[in-house]
Amino acid sequence: MVYQEIMKQAEMGDVKQLPQDEDLPGMGQFYCLHCDRYFANDDVRADHYKSKAHKKKVKQMAGPAPHTQLDADLAAGMGMPDNGPKLMSM
C-alpha cells in the first residue's frame, strides 16, 4: 500500500499539506511516506532521513514493485484453473 502511495505521489509531483490530528505525534505534520511513520518535529524527521533504516526502505521502494496478493495466490497454486484444451462442440 505504501508503494502505491509513493507511485501516486511521484506521478502527481506535488506535496500536499497533511491534515492536523491530535492523536498523532507532531499533530500529524511530520510524516515519512517511505517508512509510514509520524515524527514529533522536523528535527527528528530530518535525523530519520539520515538513518540506515530509512535509506534501506527508500532503496527497496525504488526497485521493482513488491509482490501482490495475486502473485501469492498464483505461487500457492490457487490461480486460474487450467481445464485443458477446449473440445470442439458438434
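The structure is a predicted model, in which local features need pLDDT of at least 70 and side-chain atom pairs count only at pLDDT 80 or more, while totals for chains, interfaces and linings use all residues. Residues are numbered from 1 along each chain as its sequence is written, and side-chain values use heavy atoms, with hydrogens and water left out.

**Cysteines**

- The count of disulfides is zero, where a disulfide is defined as a pair of cysteine sulfur atoms within 2.5 Å.
- The sulfur of cysteine 32 has its closest cysteine sulfur in cysteine 35, at 3.8 Å, and this is too far for a bond; cysteine 35 is likewise in no disulfide.
- Cysteine 32 is buried, with a relative accessible area of 1%, and cysteine 35 is buried at 18% (buried means under 20% relative accessible area, exposed over 50%, and partly exposed in between, with a 1.4 Å probe and protein chains only).

**Aromatic rings**

- One aromatic pair is found in the whole structure; rings of Phe, Tyr and Trp (its six-membered ring) pair if their centres lie within 6.5 Å, and planes under 30 degrees apart count as stacked, over 60 as edge-to-face and the rest as tilted.
- The pair joins tyrosine 31 and tyrosine 38, which are tilted, with 4.6 Å from centre to centre and 40 degrees between the planes.
- Tyrosine 31 is buried, at 18% relative accessible area, whereas tyrosine 38 is partly exposed, at 31%.

**Histidine 54**

- Histidine 54 counts as buried, at 7% relative accessibility.
- Leaving aside residues up to four places away in sequence, histidine 54 touches Cys32, His34, Cys35, His48 and Tyr49, where contact means heavy atoms within 4.5 Å.
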